[in-house]
Amino acid sequence: MFIFFNTLNNLYAMSITQDEAAPETVLRLSELMRYVIYQGQKEEVPLAAEIKYLQDYLELQQIRLAPSVNLQFTQDLHDEQQMVPPLLFIILLENAFKHGIEPAPEDAFLRIDLQTTATELSFCCTNSVDPDYESTHPTGIGLTNLRRRLALRFPARHTLRSEATADTYTAILTLNFTT
């Protein structure tokens with residue numbers, strides 16, 4: 001939801017200045033909203049649909065934040081039709097932007113690596129951080145809710161861990177598809 005409100009505020013500013021990117025921004029935002037409303041209610045979606053959602057989110061963020069973010073999204077997929085619960089990865093990306101990219105200095109970066117095999121999925125998200133930001137901003141409920149969803153859907157078949165340094169934060173989610 002964080003992105004929706006920020007994007008609407010940006011759209012307002014874009015419409016006042018008659019920015020040429022406003023129509024594309026509206027289209028991206030509507031695609032994201034459509035996915036959340038229709039696909040987000042399903043138990044599972046093809047991984048390809050989830051990746052498209054993430055790519056749309058990233059493109060919208062790049063429009064919103066300007067091209068100063070060094071963004072890399074690598075994928076090594078065994079089967080892009082593998083079924084996954086919708087909206088699992090977006091929490092990690094939203095946190096990367098909210099707590100890392102937006103308050104970070106101008107040389108902000110985000111590296112996303114998604115890999116799958118026949119039995120496992122690994123999603124790794126590493127972003128730049130402002131060392132002073134976290135100490136002054138409380139954490140939200142996104143990761144707590146993600147942990148609950150994972151415990152229900154992948155009991156004893158997932159890991160979610162994080163690693164932090166002075167200038168980076170990494171979240172790593174692993175899912176085991178075998179039962």
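This is a predicted model: local features need pLDDT of at least 70, side-chain atom pairs count only at pLDDT 80 or more; totals for chains, interfaces and linings use all residues.
Me: How many helices and strands are in the chain?
Reply: The chain has five helices and seven strands. Starting from the N terminus, the order of the elements is α-α-β-α-β-β-α-β-β-α-β-β.

Me: What share of the residues counts as buried?
Reply: The chain has 179 residues, and 40% of them count as buried. As for contacts with a separation of 6 or more, 71% are made by residues 24 or more positions apart.

Me: On to the sheet. What is the strand order?
Reply: The order is β2-β4-β5-β7-β6, in an open sheet of five strands with mixed pairing.

Me: Which strands stand at the edges?
Reply: Those are β2 (70–76) and β6. Each has a single partner strand, so one side of each lacks a neighbour in the sheet.

Me: And what does the twist average from one strand to the next?
Reply: The average is 5 degrees.

Me: Which helices pack on the sheet?
Reply: Helix α4 (residues 90–101) packs on the sheet and touches β4 (109–116), β5, β6 and β7. Its direction makes about 15 degrees with that of β5. Helix α5 (residues 142–153) also packs on the sheet, where it touches β6 and β7. The direction of α5 makes about 155 degrees with that of β6.

Me: Let us look at β7. Why is it described as largely enclosed?
Reply: Strand β7 covers residues 168–176, and seven of its nine residues are buried, so the rest of the structure largely encloses the strand.

Me: How is β7 joined to β5, parallel or antiparallel?
Reply: Strand β5 (residues 120–128) and β7 run antiparallel and are joined by nine bridges. Leucine 121 is opposite leucine 175 of β7, and phenylalanine 123 has leucine 173 of β7 as its bridge partner.

Me: How many bridges join β6 to β7?
Reply: Seven bridges join β7 to strand β6 (residues 158–164), and these two strands run antiparallel. Here leucine 160 is opposite leucine 173 in β7. The two strands form a hairpin, with three residues between them.

Me: Changing topic: at what angle do α2 and α3 pack?
Reply: Helix α2 (residues 22–39) and helix α3 (residues 47–65) pack at about 145 degrees, and their axes are 10 Å apart. The crossing of α2 past α3 is left-handed.

Me: Which residues of α2 and α3 meet there?
Reply: From α2 they are Glu24, Thr25, Arg28, Leu29, Glu31, Leu32, Tyr35 and Val36. From α3 they are Ala49, Glu50, Lys52, Tyr53, Asp56, Tyr57, Glu59, Leu60 and Ile63. By class, nine residues of this contact are nonpolar, one is polar and seven are charged.

Me: Last topic. How many disulfides are there?
Reply: The count is zero, with a disulfide taken as a pair of cysteine sulfur atoms within 2.5 Å. Cysteine 124 is in no disulfide, and its nearest cysteine sulfur, that of cysteine 125, is 7.4 Å away.

Me: Is cysteine 125 buried or exposed?
Reply: Cysteine 125 counts as buried, because its relative accessibility is 1% and the cut-off for buried is under 20%.

Definitions and conventions
Residues are numbered from 1 along each chain as its sequence is written. Side-chain values use heavy atoms; hydrogens and water are left out. Axes are lines fitted to C-alpha atoms, for helices over the stretch in contact, and angles run from 0 to 180 degrees between N-to-C directions. Helices (H or I, at least four residues) and strands (E, at least two) are DSSP runs, numbered from the N terminus. A crossing is left-handed if the near helix is turned anticlockwise from the far one by less than a right angle, and right-handed if clockwise. Contact means heavy atoms within 4.5 Å. Ala, Val, Leu, Ile, Met, Phe, Trp, Tyr, Cys and Pro count as nonpolar, Asp, Glu, Lys and Arg as charged, and the others, Gly among them, as polar. Buried means under 20% relative accessible area, exposed over 50%, partly exposed in between (1.4 Å probe, protein chains only). Two strands pair if DSSP finds at least two bridges between them.
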